[in-house]
Amino acid sequence: MTVEILKPKHMIEELMFYIHQEEMGGDFINPDHKFFPLYLELQKLLDKLNNNDDKPYVSVKNDESN
């Protein structure tokens, strides 16, 4: 048996796909759904990962901009 280890981006995408298809019904993203806040945060994280592939991440204490 072989197990494929997914990169974090792919894990986020797979989880988002699962939430959209299985929990939200697959038609549209419902902002009133109980998993919408999680879906939104995953999208923000995915955007951050996609936009910062070559950029180092610097954490600033008490930074509220993200």
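Author: Let us begin with burial, where buried means under 20% relative accessible area, exposed over 50%, and partly exposed in between, with a 1.4 Å probe and protein chains only. Histidine 20 has a relative accessibility of 15% and therefore counts as buried. Before going on, note that this is a predicted model, in which local features need pLDDT of at least 70 and side-chain atom pairs count only at pLDDT 80 or more, while totals for chains, interfaces and linings use all residues. Residues are numbered from 1 along each chain as its sequence is written, and side-chain values use heavy atoms, with hydrogens and water left out.

Reader: Where is histidine 20 found, and which residues does histidine 20 touch?

Author: Helices (H or I, at least four residues) and strands (E, at least two) are DSSP runs, numbered from the N terminus, and histidine 20 is found in helix 1. Contact means heavy atoms within 4.5 Å; leaving aside residues up to four places away in sequence, histidine 20 touches Gly25, Gly26, Asp27, Phe28, Ile29 and Tyr39.

Reader: How many helices and strands does the chain have, and at what angle do helix 1 and helix 2 pack?

Author: The chain has 2 helices and 0 strands. For packing, axes are lines fitted to C-alpha atoms, for helices over the stretch in contact, and angles run from 0 to 180 degrees between N-to-C directions. Helix 1 (residues 8–23) and helix 2 (residues 36–51) pack at an angle of about 150 degrees, their axes being 10 Å apart. Angles under 35 degrees count as roughly parallel, over 145 as roughly antiparallel, 65 to 115 as roughly perpendicular and the rest as oblique, so helix 1 and helix 2 are roughly antiparallel to each other.

Reader: Which residues make up the largest nonpolar core?

Author: As a general idea, nonpolar side chains in soluble globular proteins tend to be buried together. A nonpolar core is a set of buried Ala, Val, Leu, Ile, Met, Phe, Trp, Tyr and Cys residues joined through side-chain atoms within 4.5 Å. Here the largest has 7 residues in all, namely Ile12, Met16, Ile19, Met24, Tyr39, Leu42 and Leu46. Helix 1 and helix 2 each supply at least two residues of this core. Ile12 itself touches Leu42, Leu45, Leu46 and Leu49, not counting residues up to four places away in sequence.

Reader: Is leucine 49 buried, exposed or partly exposed, and how far apart in space are leucine 49 and lysine 9?

Author: Leucine 49, whose place is in helix 2, is partly exposed, with a relative accessible area of 28%. Leucine 49 and lysine 9 lie 40 residues apart in sequence and 7.2 Å apart in space, C-alpha to C-alpha. With residues up to four places away in sequence not counted, leucine 49 touches Lys9 and Ile12. In helix 1, leucine 15 counts as partly exposed at 35% relative accessibility.
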